[in-house]
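Visitor: I have a chain open here and would like to go through it. Can you take my questions as they come?

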Amino acid sequence: MFEYSYPDARGHFGPYGGSFASETLTHALTELGQAYAKYWSEPEFLAEFRYELAHFVGRPSPVYHADRMSREMGGAQIYLKREDLNHTGAHKINNVIGQAMLARRMGKTRIIAETGAGQHGVATATICARYGLECVVYMGAEDVKRQSPNVFRMKLLGATVIPVESGSKTLKDALNEAMRDWVANVDNTFYIIGTVAGPAPYPAMVRDFQSVIGQECLTQMPELLQRQKMAADQPDAVVACVGGGSNAMGIFYPYIPFEHTRLIGVEAAGEGLETGKHSASLQRGSSGVLHGNRTFILQDEQGQITETHSISAGLDYPGVGPEHAWLQEIGRAEYVGATDQEALEAFHYLCRTEGIIPALESSHAVAYAMQLAKTMRADQSILVCLSGRGDKDIGTVADLTGNDYYDRPSMRGHIVKGGHAA
């Protein structure tokens, strides 16, 4: 078994992680770290967390054998961990529930969040509606345009969505604005970060809340592999997409001791790593500090953050969680890329062969698993974290493929029953 025990007491994963925050936030981060340390070992907190995951989210999420896809690839058997079937449509809700429970115990009445693809924003708005908390979500203006269904969902749930017009108008800029809000309103505000990044204790805390994904797989995979008369108890490879990397850490972390299981993160290679238009921080970045932690980031020679590119809003980010940087450095995880085109082809393929519409983020993992399966034997297996569903992406896919798509009947001049002519 591979021995692993990170972070250290100061929130470091080797040279990565730590806390690089303004003096104004130092007390808030210390208070959060103490609250997390207290409640994450408290039986009452853990019982409530498990109850919420079972009865509000609908866990455990199933693992599905993609039989037709496996046959057509002609190699390893492919299994999908169906996080897309969670309430709100993605893995994000696991972490949001945990952090919202902490916020209530800490007496915070106002919640802020950043979002890229909108799935973290929807999950945050959902739990705030249920708990009666004020909710403000920062979202890059570019992402507001390409993820409009999720923007409307957040508003339906009572959240205030603030488009961010600065910088590249994507996830990085949304996170910047959320940090500024937190500094100005630290007394009554809890910042729910959606990924395994940010200053300590966020990377480890988000990982722990998301690790339910991998923990469930450890108990689900042996039975499924036995049904296929496979000799191994656990998959030969676990594959997940990586932007900030929360779904990947959620499924990787429980598998770290299983040294015979490869852990493979798939970054957004955009238009190709050689073009410079990508979001592959681990493959093309270097060590630096971003959003309160040291990790791999995309930067120029002067240390300025460079612009990123991906068709997937959730992967369009110039950094990555510090634990991924450490797992790459110690050789426990591998990081590869899938281009926009490969992800789009995987999106359509999964729709038409398995009847599943995946998120564009998850499609990157599916794309790489399809390539990997062909290089493996039929008695080997790949477990893919299908982190979210693709309803939010169908407008973007329609534009990318030149198809008409109208999300409001009035856009085609139709009047719905109960509606009125313009």
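Visitor: What share of the residues is buried?

Guide: Of the 422 residues in the protein, 59% are buried. Bear in mind that this is a predicted model.

Visitor: How many helices and strands are there?

Guide: The protein has 16 helices and 14 strands. Its radius of gyration is 21 Å, close to the 22 Å that the globule rule gives for 422 residues, so the protein is as compact as a globular protein of that length.

Visitor: And what box do the C-alpha atoms fill?

Guide: Along the principal axes, roughly 65 × 55 × 50 Å.

Visitor: What about contacts, how many join residues at least 24 apart?

Guide: Counting contacts between residues at least 6 apart in sequence, 74% join residues at least 24 apart.

Visitor: Switching to helix 4. Is it mostly covered or uncovered?

Guide: Mostly covered, since twelve of the 14 residues in helix 4 are buried. The buried set runs through Lys92, Ile93, Asn94, Asn95, Val96, Ile97, Gly98, Gln99, Ala100, Met101, Leu102 and Ala103.

Visitor: What span should helix 4 have?

Guide: At 1.5 Å a residue, the 14 residues of helix 4 (residues 92-105) should span 20 Å. The end C-alpha atoms of helix 4 are 21 Å apart, which agrees.

Visitor: Which residue just after helix 4 has a positive phi?

Guide: Gly107, with a phi of about 75°.

Visitor: Last topic, charges. How many positive and negative side chains?

Guide: There are 37 positive and 48 negative side chains in the protein, and the centres of the two sets lie 5 Å apart.

Methods. Residues numbered from 1 in each chain as written. Predicted model: local features only at pLDDT ≥ 70, side-chain atom pairs only at ≥ 80, totals over all residues. Heavy atoms only, no water. Helix = DSSP H or I, 4+ residues; strand = E, 2+ residues; numbered from the N terminus. Expected span 1.5 Å × (residues − 1). Buried < 20%, exposed > 50% of the residue type's maximum accessible area, 1.4 Å probe, protein only. Rg over C-alpha atoms; globule rule 2.2 N^0.38 Å. Contact = heavy atoms within 4.5 Å. Lys, Arg positive; Asp, Glu negative; His and termini not counted. Charge placed at Lys NZ, Arg CZ, Asp CG, Glu CD.
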